[in-house]
Protein chains: 2
Amino acid sequence: MPSYTAPLDDMLFLFEKLRDNKNYNELEKYNEVNLDLAKDILEEAAKINQNLLLPLALAGDENPAKLENGVVRTPPGYKEAYNKYIEDGWISLSCDPKYGGQGMPKTISAFFDEMLSSTSLSFKLYSELTIGAYNCLLHHASDETKDKYLPKMVEGKWSGTMCLTEPVCGTDLGMLKTKAEEQADGTFKISGQKIFITSGDHDLTENIIHLVIARATDSPKGTKGISLFLVPKFIVNEDGSTGTRNGVSTGSVEHKMGIKGSATCVLNFDEATGYLIGTKNRGLNQMFTMMNLERILVGIQGLGISEIAYQNSLAYAKERKQGKTNNTKSTNGADFIIEHADIRKSLLNMKSIIEGERALCFWLSQQTEVSLNHPNEKVKKEASDYVSLMTPVVKSLFTDLAMEITSDAMQIHGGYGFTKDQGIEQLYRDNRITPIYEGTNSVQAADLVSRKLLNKNGNIIGKFLEMIKEETNSKNEKVKIFTKQLNYYLDILSKFTDWIIDKNKIDKDDVSSAANDYLKTLGYVSLAYSWIKILEVSFKDLDSNKKFYIDKINTAQFYFEKILPRAEYHYKSAISGSSNIMKFNFN
Amino acid sequence: MPSYTAPLDDMLFLFEKLRDNKNYNELEKYNEVNLDLAKDILEEAAKINQNLLLPLALAGDENPAKLENGVVRTPPGYKEAYNKYIEDGWISLSCDPKYGGQGMPKTISAFFDEMLSSTSLSFKLYSELTIGAYNCLLHHASDETKDKYLPKMVEGKWSGTMCLTEPVCGTDLGMLKTKAEEQADGTFKISGQKIFITSGDHDLTENIIHLVIARATDSPKGTKGISLFLVPKFIVNEDGSTGTRNGVSTGSVEHKMGIKGSATCVLNFDEATGYLIGTKNRGLNQMFTMMNLERILVGIQGLGISEIAYQNSLAYAKERKQGKTNNTKSTNGADFIIEHADIRKSLLNMKSIIEGERALCFWLSQQTEVSLNHPNEKVKKEASDYVSLMTPVVKSLFTDLAMEITSDAMQIHGGYGFTKDQGIEQLYRDNRITPIYEGTNSVQAADLVSRKLLNKNGNIIGKFLEMIKEETNSKNEKVKIFTKQLNYYLDILSKFTDWIIDKNKIDKDDVSSAANDYLKTLGYVSLAYSWIKILEVSFKDLDSNKKFYIDKINTAQFYFEKILPRAEYHYKSAISGSSNIMKFNFN
């Protein structure tokens with residue numbers, strides 16, 4: 001079983017040194033969350049993750065969630081751990097105090113999400129979708145509905161799902177067939193089949209609140225006829241108690257390559273009672289409130305799994321001896337593999353990606369908070385634009401790089417990486433869902449190039465690039481060396497952006513075929529931007545924590561020298577266009 | 001379950017149009033294998049793969065090989081299939097007729113190996129190592145030993161293994177502990193533990209011939225004290241019948257992420273009777289005869305798995321509808337995903353890699369034949385140098401790219417790629433061993449840069465680059481457009497090579513940390529070289545088979561525009577050196 005120690009040093013470094021941000025600082029609500037409080041919370045979070053949750057990963061892999069007599073059973077130990085988890089209030093960390101939550105900002109909860117992803121993604125998913133459903137209801141449901149459902153969800157006694165996918169449609173929800181028939185009392189009867197529903201059924205909570213998209217019988221075809229419904233597993237009585245079983249049943253639980261502890265269900269809705277949430281026919285937009293936050297969380301899943309893969313690779317490299325290094329001092333026998341240049345390179349590759357991602361994510365958490373809570377609408381909108389720009393990047397880049405990192409971790413472990421003994425192959429399998437669910441990484445890239453660069457508020461990407469230039473315009477000569485490199489790639493990104501914007505007018509297939517490359521280029525530059533901010537602090541505060549900051553500077557240097565050049569390949573490969581691709585005859 | 005149709009068109013194209021090679025043409029023995037014979041054999045090979053072997057993949061994954069009361073049981077159906085397989089003589093395809101083989105050149109058998117890798121890698125492994133052991137004995141054993149063991153192995157009644165790895169050593173065999181004590185009769189008593197032994201035990205054959213490396217009690221430490229021994233599971237009597245059980249037993253069968261149908265064993269040797277093969281203390285060199293051919297086969301495994309992943313992605317893309325394309329003609333409902341630019345790009349990415357690899361592999365098969373059978377020692381040596389140069393490239397590049405391709409296949413299948421239904425995730429898991437076994441891909445890269453570029457016979461890489469330049473110096477204006485691009489990357493490769501050779505003298509850590517990048521650069525350029533040869537034929541013979549050759553030209557164009565630029569990234573990333581990596585403090 002892999003071991004895990006929460007990377008508190010790095011998290012608290014970000015919280016202490018990179019939190020200063022004009023707009024974020026203006027959020028009164030969060031001024032009270034100071035470094036001491038952050039430290040207390042994260043230390044406790046580390047404990048529950050390291051002690052209680054880490055063993056659940058293996059338990060879930062060896063005893064997958066299963067359907068027995070119509071009931072989904074979670075793996076051994078999940079129920080006990082879940083009870084402790086909600087008892088200690090962890091599920092409500094980021095929720096509104098009005099509904100019983102602890103009101104912590106995403107700058108804290110994102111770190112906690114990372115820890116959960118490191119220790120057991122399957123276990124995490126049972127509460128992650130609850131928070132997704134909570135957010136969706138918080139923004140779109142009536143006060144009455146919120147009062148009725150949210151407290152129990154925030155308490156963790158009830159869980160939530162998001163029911164989108166059907167056998168014929170995942171990416172393309174306009175094709176959905178689940179129908180909603182309005183009743184005399186204003187409720188709806190929901191009928192249809194939903195597939196790939198994470199935590200669609202399980203034995204951890206007293207009730208499950210399904211958020212289901214369906215088409216009302218009098219709604220138009222396509223995406224404009226989709227509405228959002230709340231469909232509880234058990235009908236909730238007026239007094240808040242759970243009543244009769246609703247018409248939703250579990251058809252099957254998927255057999256998957258990874259995250260086996262998570263119950264991925266086929267749900268059959270058979271005239272189930274549903275309650276319309278928000279405006280009719282606006283269901284897809286409402287669901288996307290939830291989807292966007294969820295997509296960032298999937299990126300964080302990739303980060304969390306990368307971190308535990310790195311920690312275990314590092315530990316193994318320090319204890320495994322094999323071969324002599326180029327400058328061996330050993331006269332007899334092998335050296336530790338951590339002394340070998342290519343193993344060191346592989347470890348630094350992981351470290352430089354992980355720490356860059358964590359810093360980018362911290363910045364994105366701040367922007368998310370500003371986008372949700374800033375009093376000035378213009379500031380709020382600008383932050384919201386940044387969040388929407390970075391959502392597909394974080395989702396796709398972090399999950400793809402987590403495949404690279406978990407794969408490299410297997411290579412470092414050699415044959416032991418491929419067998420079940422060390423648990424490394426499980427990290428690789430578990431992470432493999434992250435580039436697929438919540439919209440495949442190609443769907444994210446398409447979303448980025450077609451909807452996120454420009455919108456009715458203007459040139460989002462242009463503003464983002466301006467912001468990077470301003471924030472990285474260091475006066476420190478040592479930082480300038482790095483900024484100069486960044487500027488080379490910023491220039492490439494600008495040219496690439498212009499190319500995309502031009503081609504969007506004249507040949508959309510060129511854009512579609514370049515989308516993944518563009519996302520990667522933007523992503524690598526964004527990580528470099530985060531590294532510049534880390535470097536600024538590292539050079540300034542060097543003497544206060546020499547070992548820590550020298551590590552940071554060396555890790556940054558690795559990123560700039562070895563990884564950032566990938567951005568240029570993506571650009572060169574992409575701009576050759578798509579005519580050859582589109583004319584190819586696959587028959 | 002994935003479907004599979006052997007790519008006979010492409011194989012026969014290579015055999016017909018790319019077989020003309022001066023040195024190869026001089027091999028009298030193989031002049032008799034003409035196109036008609038190749039066609040007959042490959043058509044039969046396709047049938048047994050498509051009909052008999054393909055279903056074994058799923059059977060093996062669902063019912064892994066297991067140890068029961070000391071005996072390893074193969075998955076259901078393996079025994080029946082194996083009997084049919086050896087009855088029809090497939091195992092002996094490339095073996096010497098002197099021992100009952102069919103004497104087919106590698107230009108044929110490599111295609112068959114590819115097909116087997118596509119249909120069931122786990123099943124293939126039960127005979128692959130037999131051929132490895134056969135080759136090792138053929139080159140190093142006495143005539144008496146060969147006469148005693150080879151006919152039964154060629155017949156498939158006995159199988160073979162290669163026992164190298166031990167708990168403390170995989171990469172670094174100098175540390176091995178298995179000992180060999182010489183007896184009065186000239187035999188040895190072998191004692192020790194070997195791990196990760198593919199087909200170490202099973203129920204398919206009457207006997208298993210283990211080739212074991214061990215240290216004689218009077219041999220020196222390190223790699224110079226390793227000898228090679230033949231250790232049969234059952235002692236073979238003078239008359240060739242199988243006698244008493246030898247002192248080798250199966251400790252356990254590994255639980256692995258993939259190739260579950262293959263029995264990966266821990267073997268315990270307890271004073272087992274062993275027979276010295278070849279010269280004492282030269283065991284490692286002798287084993288490497290087997291290892292090199294085996295490493296090429298692992299590359300071909302990657303190619304085979306890539307092919308079946310591509311075929312199934314293509315079929316799925318033609319039947320799955322999702323979303324509207326940029327230029328949709330559909331007025332209602334979605335388009336087939338094969339109409340989407342990014343799916344098409346992903347499919348062409350696969351196709352251009354696969355067909356380039358198959359062509360490179362065909363050239364390598366010819367070189368291997370020349371290296372084994374050419375009457376002129378100088379020609380033979382030169383071919384042998386090319387084979388040794390390309391062995392790590394084919395092993396590593398093909399297996400890494402097979403991970404890219406099986407991963408992209410999962411993405412094309414979306415959620416269905418991650419569940420067990422379509423069998424795509426199994427291809428991804430099965431292939432994941434290929435970058436690890438027979439020496440991890442990093443070990444291959446280290447081998448390439450430290451031993452394969454230059455040797456006592458001179459500048460191998462220099463000759464190879466010269467050969468590429470000569471063979472791609474086309475007079476066809478249309479080919480010249482591609483050659484010009486190739487030359488740009490050849491220039492990069494030359495500079496990279498000079499850098500490696502220089503650094504090998506002054507800073508070996510720079511070389512070690514750049515090794516994987518160098519291997520990739522050489523690999524991508526080598527694939528481009530293969531594509532140029534295909535293009536030469538395609539433009540020349542265009543009118544004779546228009547659809548086929550236009551596909552080839554478009555696929556080549558994709559390779560040059562979208563994939564080959566990766567070579568430059570690897571160069572740029574690598575030459576920043578290793579000082580930062582080596583000084584990093586991981587404690």
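The buried residues of helix 15 of chain A are A:Ile461, A:Phe464 and A:Ile468. A residue counts as buried if 20 or more other C-beta atoms lie within 10 Å of its own, as exposed if 12 or fewer do, and as partly exposed in between; the C-beta atoms are placed from the backbone.

The model is predicted: local features need pLDDT of at least 70, side-chain atom pairs count only at pLDDT 80 or more, and totals for chains, interfaces and linings use all residues. Residues are numbered from 1 along each chain as its sequence is written, while chains are lettered from A and ligands numbered from 1 in the order in which they are written.

**Helix 15 and its surroundings**

Helix 15 of chain A runs over residues 460-471 and has 12 residues. Its first and last C-alpha atoms are 16 Å apart, close to the 16 Å expected at 1.5 Å a residue. The expected span is 1.5 Å times one less than the number of residues. Helices (H or I, at least four residues) and strands (E, at least two) are DSSP runs, numbered from the N terminus. The buried residues of helix 15 pack against helix 11 (377-413), strand 13 (458-459), helix 16 (477-506) and helix 17 (508-540) of chain A.

**Two residues of chain A**

A:Ile500 is in helix 16 of chain A. Leaving aside neighbours within four places in sequence, A:Ile500 is in contact with A:Val449, A:Leu453, A:Val511, A:Ala514 and A:Tyr518. Two residues are in contact if their C-beta atoms, placed from the backbone, lie within 7 Å. A:Glu62 lies in helix 4 (residues 35-62) of chain A.

| Residue | Class | Other C-beta atoms within 10 Å |
|---|---|---|
| A:Ile500 | buried | 24 C-beta atoms |
| A:Glu62 | partly exposed | 13 C-beta atoms |

The C-alpha atoms of A:Ile500 and A:Ala515 are separated by 8.6 Å, with the residues 15 apart along the chain. For A:Glu62 and A:Asn312, 250 residues apart along the chain, the C-alpha separation is 20 Å.

**Domains of chain A**

The domain assignment gives domain 1 (8-143), domain 2 (157-282) and domain 3 (287-322 + 335-574). Such bounds come from an automatic or database domain assignment. The centres of domain 2 and domain 3 of chain A, taken over C-alpha atoms, are 34 Å apart. Eight residues of domain 2 are in contact with eight residues of domain 3. On the domain 2 side, the residues divide into six nonpolar, two polar and no charged. Ala, Val, Leu, Ile, Met, Phe, Trp, Tyr, Cys and Pro count as nonpolar, Asp, Glu, Lys and Arg as charged, and the others, Gly among them, as polar.

**The two chains**

A rotation of 180° with 0.0 Å of shift along its axis superposes chain B on chain A, with an RMSD of 0.0 Å. The two copies are thus related as by a two-fold rotation axis. The superposition is by least squares on the C-alpha atoms of residues with pLDDT of at least 70 in both copies. Of the residues of chain B, B:Tyr569 comes closest to the axis, at 3.0 Å (C-alpha).

The contact takes 69 residues from chain B and 69 residues from chain A. Helix 18 of chain B gives the largest share of the chain B side, seven residues. That side divides into 23 nonpolar, 27 polar and 19 charged residues.
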